[in-house]
Amino acid sequence: MTTSKSTVAILGPGGVGGLIGALLARDGHRVVCLAGQDTAAVLSRDGLRIESAQYGDFTAAVEADTQLREPVDAVFVTVKQTALHQALDRVPAPVLGDAIVIPLLNGIDHIALLRERYPSARVVAGTIRVEATRTSPGRVIHSSPFANLELAAPLDDFADHLRHAGLGVTLRTDETAMLWDKLAFLAPFALLTTRHRSDVGTIRSDRRPELLAVLDEITAVAQAAGAPVTTDTVLSFFDRAPHTMKSSMQRDVEAGRPFELDAIGGAVLRAGAAHGIETPATARLVAEVAHQANQES
Ligand SMILES: NC(=O)c1ccc[n+]([C@@H]2O[C@H](COP(=O)([O-])OP(=O)(O)OC[C@H]3O[C@@H](n4cnc5c(N)ncnc54)[C@H](OP(=O)(O)O)[C@@H]3O)[C@@H](O)[C@H]2O)c1
C-alpha cells in the first residue's frame, strides 16, 4: 500500500472528515464522501474547500454519494456520535467487507458498536487532535496548527499514506490506554466548561475543588478499565491549556446544536458502573448539563 494509492470513504465529511478527505484527495487518493443527498450534491459539484494556516487554502475534487456501493480500502467514520446510528445505514456490511474502519469520534462506546455491526471489517480505534470547523457543506476552516491522529494498530503502510498527505500519525499498541488518555481530559474539560459556561482558565482557578473531584473519579474509572492515567497527568494538561480555551460541547450547546453528552459523560458513567467505581460528581455534572441544555433549547 506504500506506493499505490488507496480508495478511502469518509462517512460524515464535516470538520474532521472534510479535512482528512481533502488532504488525501489532494495527495492523489480516491476519496468517496458519504453524506446526505444535499451535501453529497454540493461535494460532487464543488469538492472540499479547506482554509488552513497549516496546509494553505485549497479545493480538492472528491466523489460523493449517499451510500457505499463498492469496496474501499478504508472508511473514516467522522460523524458526531448523535448521528452515528443513522449514518451507518449508508455503509452496508456486505459492501464494506474486510476494509479498515477508523472511527475518530470522541468517546469510547462506538468501537464495540462498530465491531458488532461490521464483524468482517478491521475496526481500528482512532483519536484526533485538531480544531476543524465545517462552516457550510464541504467547507472547512482548520484553525489549529496541527492535525494529529493516533491509531491503535500496526497500520504502517496506511499511516505512511496519511503522513504523506500531511497528517501527524502516531501508532499505539494499547487501545484502552489511547482512548482513556483522551477521554480522561476531554470529559472533565467538556462537562465543566459547559456546565459553568466558562473557559478552562476560569475552571482551573475558580472551580478547582470540583475539577479535582471529577478528575479523581474519571482517572479511577480509567484505571479500572486498564488505562494507566493519573489525576496529576490530566491536571497538568488543565494547568497548561490556554486560559481562553473552550470545549466543542460548550460551543455546540451555546449554538443549540446536538452535543455529545452521552458519548463523553455517559461513557464515563457506564464504565464506572461496569467497574464498580462511584462517580457522583461526574453524574451530577452530566445531569446538570442535560438539564441546562433542555432549558436553553
Ligand atoms: N471538529 C473538531 O475539531 C474535532 C476535534 C476532535 C474530535 N472531534 C470529534 O470528531 C467527530 C466529528 O466532529 P466534527 O466536528 O467533524 O463534526 P461536524 O463538523 O458536525 O461534521 C459531521 C458531518 O457528519 C455529517 N452527517 C450528519 N449526519 C449524517 C448522516 N446521517 N450521514 C452521513 N453524514 C452525516 C454532517 O453532514 P452535513 O455537512 O450535511 O451537516 C457533517 O458533514 C465528533 O465526535 C467530534 O467530537 C472533532
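Trainee: Which helix holds Ala25?
Mentor: This is a predicted model, where local features need pLDDT of at least 70, side-chain atom pairs count only at pLDDT 80 or more, and totals for chains, interfaces and linings use all residues. Residues are numbered from 1 along each chain as its sequence is written, and side-chain values use heavy atoms, with hydrogens and water left out. Helices (H or I, at least four residues) and strands (E, at least two) are DSSP runs, numbered from the N terminus. On that count, Ala25 lies in helix 1.

Trainee: Is Ala25 buried or exposed?
Mentor: Buried means under 20% relative accessible area, exposed over 50%, and partly exposed in between (1.4 Å probe, protein chains only). Ala25 has a relative accessible area of 14%, so Ala25 is buried.

Trainee: Where is Asn106, and which side chain does its own side chain contact?
Mentor: Asn106 sits in the loop between strand 7 (100–103) and helix 5 (109–117). Asn106 is buried, at 17% relative accessible area. A polar contact is a pair of N or O atoms within 3.5 Å; within protein, one must be able to donate a hydrogen and the other to accept it, and residues adjacent in sequence count only if both atoms are side-chain atoms. At 3.0 Å, the partner of the Asn106 side chain is the side chain of Lys182.

Trainee: How many residues surround the ligand?
Mentor: A residue counts as near if one of its heavy atoms lies within 4 Å of the molecule. The closest are Thr39, Arg90, Asn106, Arg134 and Glu260. The total is 24 residues.

Trainee: What distance separates a ligand oxygen from the side chain of Arg134?
Mentor: Start with Arg90: a ligand nitrogen is 2.7 Å from an N or O atom in its side chain. For Arg134, the pair is a ligand oxygen and a side-chain N or O atom. The distance is 2.6 Å.

Trainee: Which strands stand at the edges of the open sheet of four strands?
Mentor: Two strands pair if DSSP finds at least two bridges between them. The order is 4-3-11-10, with mixed pairing. Each edge strand has a single partner, so one side of each lacks a neighbour in the sheet. They are strand 4 (58–60) and strand 10.

Trainee: Which residue is the bridge partner of Arg49 in strand 4?
Mentor: Strand 3 (residues 48–52) and strand 4 run antiparallel, joined by three bridges. In strand 4, the partner of Arg49 is Thr59.
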